[in-house]
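Thanks for coming. I will go through one structure today, starting with its charged pairs and then moving to the sheet and the helices.

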Amino acid sequence: MTATGTEHHDLTVSGQPVTSPLKDVRALARKMVGHFVDNVAPCGTLPGDALRGDITAVTRACLELAISMLDGTDIPDKTARLEQAAANWAREGIPIDTIQHALHEGFRLGFDLILDRATPDDFDSLKGASRRLLDVLDTINATVSRAYVKELRGVVGEHHTAVHTLTSALLAGHPTSVMARESGIEIAEAYHVVALAVPAHPDERNPALNSQVVARRKLRRVQAALADRCGDTALSLLSVDGGTVLIPATVIAERDLDEFVTVLSRNAQVPVTAAVIDAAAADIPGAARRAHELLDMVQRLGCPPALYRFDNLALEYQLTRPGPGREYLGALLDVLDDHPELLGTLRKHIGTNLNRQQTARALHVHTNTVDYRLKRVAQLTGFDPTQPAGLWYLRSALVARTYRAAE
């Protein structure tokens with residue numbers, strides 16, 4: 001639907017232009033969004049940043065579009081804003097029925113404001129305004145639906161499928177030369193193989209919000225950060241919980257990977273934990289397996305979120321391999337089975353890199369309590385966690401114990 005090029009000054013209510021009640025666009029947009037939250041059930045479950053950002057901005061754009069079409073002025077810049085927002089909503093998984101319901105509710109509110117000022121003498125103007133408002137609603141619905149469906153198709157489109165297929169083939173060790181040539185994606189000689197663990201955003205546990213939408217928005221922010229830093233050179237298989245990323249070694253220097261993981265955490269708005277193994281393209285399957293094993297190990301040990309490298313944890317990694325050594329070390333802490341507070345304190349103390357203050361804060365106890373518990377660990381196990389040799393055995397025992405218990 002395209003608006004005409006003439007202005008409709010004939011549309012008046014109580015002697016004023018029919019658009020007068022809609023002129024304070026910013027205030028009216030905020031009022032409408034508040035109404036959506038309270039009365040349009042799915043909107044109330046959207047994250048706060050979505051309501052304060054895109055939803056409010058688009059409500060304002062819809063009001064501006066309605067005013068423009070009622071006045072007969074040009075509208076292309078307004079519809080462009082709607083197209084961009086609809087594409088973002090499709091990527092973030094906001095349901096199309098929620099969007100359409102909010103649009104219709106917004107039109108009802110706007111039309112009520114016009115009707116509130118009307119008198120019986122305004123019948124002809126209201127009839128004309130009703131027709132034009134239907135044209136506005138038709139324009140907005142068509143714009144949003146078209147952009148939403150287009151983006152949705154793009155997300156699962158040919159390029160996305162090609163990237164997904166190529167990444168899966170590399171991780172599985174299958175031949176990839178033909179797929180790379182057909183998709184136009186260049187395979188690097190060597191990659192940083194990064195295993196990522198992305199914890200739940202706090203809003204995912206908020207029963208008042210739609211946890212799936214929050215999680216998808218988090219994933220979208222991670223993917224956006226990856227694309228911003230690596231362009232289309234990085235290959236990834238990611239879910240809302242993490243996954244695997246293959247970064248060409250020439251795109252990010254090894255020394256810059258820590259900062260890269262920090263950027264991912266900042267964008268995800270949660271602390272990301274990662275493990276990296278460098279490998280030639282042909283060796284990616286084994287490197288990915290080791291990276292995820294390393295990631296699993298640091299999570300079992302309760303290590304703080306950061307980027308971990310095999311070189312720094314080679315000994316601990318070896319202790320996870322089955323054998324008599326692991327069985328012996330895993331049994332060293334059996335004496336603490338009846339003292340879970342001691343085992344928990346030891347685990348947390350090692351996870352904080354032996355920082356008594358951090359351990360105490362994490363456990364909500366006094367530092368003297370931490371000292372007492374560590375002494376009890378030494379008495380019961382025969383290994384003193386405050387001494388290098390004792391700490392080595394206890395740390396090794398924790399590693400071995402977690403895998404022995406899992407199996």
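Start with E254 and R309, whose side chains meet in a salt bridge at 2.4 Å, N to O. A salt bridge here is a side-chain nitrogen of Lys or Arg within 4 Å of a carboxyl oxygen of Asp or Glu. E254 sits in the loop between β5 (242-248) and α9 (257-268), and R309 in strand β7 (residues 307-309), so the pair ties together parts that are 55 residues apart in sequence. Helices (H or I, at least four residues) and strands (E, at least two) are DSSP runs, numbered from the N terminus.

Before going on, the basis. This is a predicted model, in which local features need pLDDT of at least 70 and side-chain atom pairs count only at pLDDT 80 or more, while totals for chains, interfaces and linings use all residues. Residues are numbered from 1 along each chain as its sequence is written, and side-chain values use heavy atoms, with hydrogens and water left out.

Back to that pair. Buried means under 20% relative accessible area, exposed over 50%, and partly exposed in between, with a 1.4 Å probe and protein chains only. E254, at 34% relative accessibility, is therefore partly exposed, whereas R309, at 17%, counts as buried.

How many salt bridges does the structure hold? There are 9. Another of them joins the side chains of R401 and D337, again given as 2.4 Å, N to O. R401 belongs to helix α16 (residues 388-406) and D337 to the loop between α12 (324-331) and α13 (340-351), so this pair ties together parts 64 residues apart in sequence. R401 is buried at 14% relative accessibility; D337 is partly exposed at 43%. E105, R108 and D112 are linked in a network of salt bridges.

The next pair is D371 with R356, at 2.7 Å, N to O. It links helix α15, which holds D371, to helix α14, which holds R356, 15 residues apart. D371 has a relative accessible area of 23% and is partly exposed, as is R356 at 29%.

Now the two helices themselves. α14 (residues 356-363) and α15 (residues 367-381) pack at an angle of about 100°, with their axes 8 Å apart. Axes are lines fitted to C-alpha atoms, for helices over the stretch in contact, and angles run from 0 to 180 degrees between N-to-C directions. That makes α14 roughly perpendicular to α15, a label that covers 65 to 115 degrees. R356, Q357, T359, A360 and L363 of α14 meet T367, V370, D371 and R373 of α15, where contact means heavy atoms within 4.5 Å.

Next, the sheet. It is an open one of 5 strands in the order β4-β5-β3-β6-β7, with mixed pairing. Two strands pair if DSSP finds at least two bridges between them. The edge strands, each pairing on one side only, are β4 (235-239) and β7. Inside the sheet, β3 (residues 190-197) and β6 (residues 273-280) pair in the antiparallel sense over 8 bridges. A195 has A275 in β6 as its bridge partner.

Two helices lie across these strands. α9 lies across β3, β5, β6 and β7, at about 145° to β7.

Last, T19. Is T19 buried or exposed? It is buried, because its relative accessibility is 1%. T19 is found in the loop between β2 (16-17) and α1 (25-39). Leaving aside neighbours within four places in sequence, T19 is in contact with I67, L70 and D71.

Key: Parallel < 35°, antiparallel > 145°, perpendicular 65-115°, else oblique.
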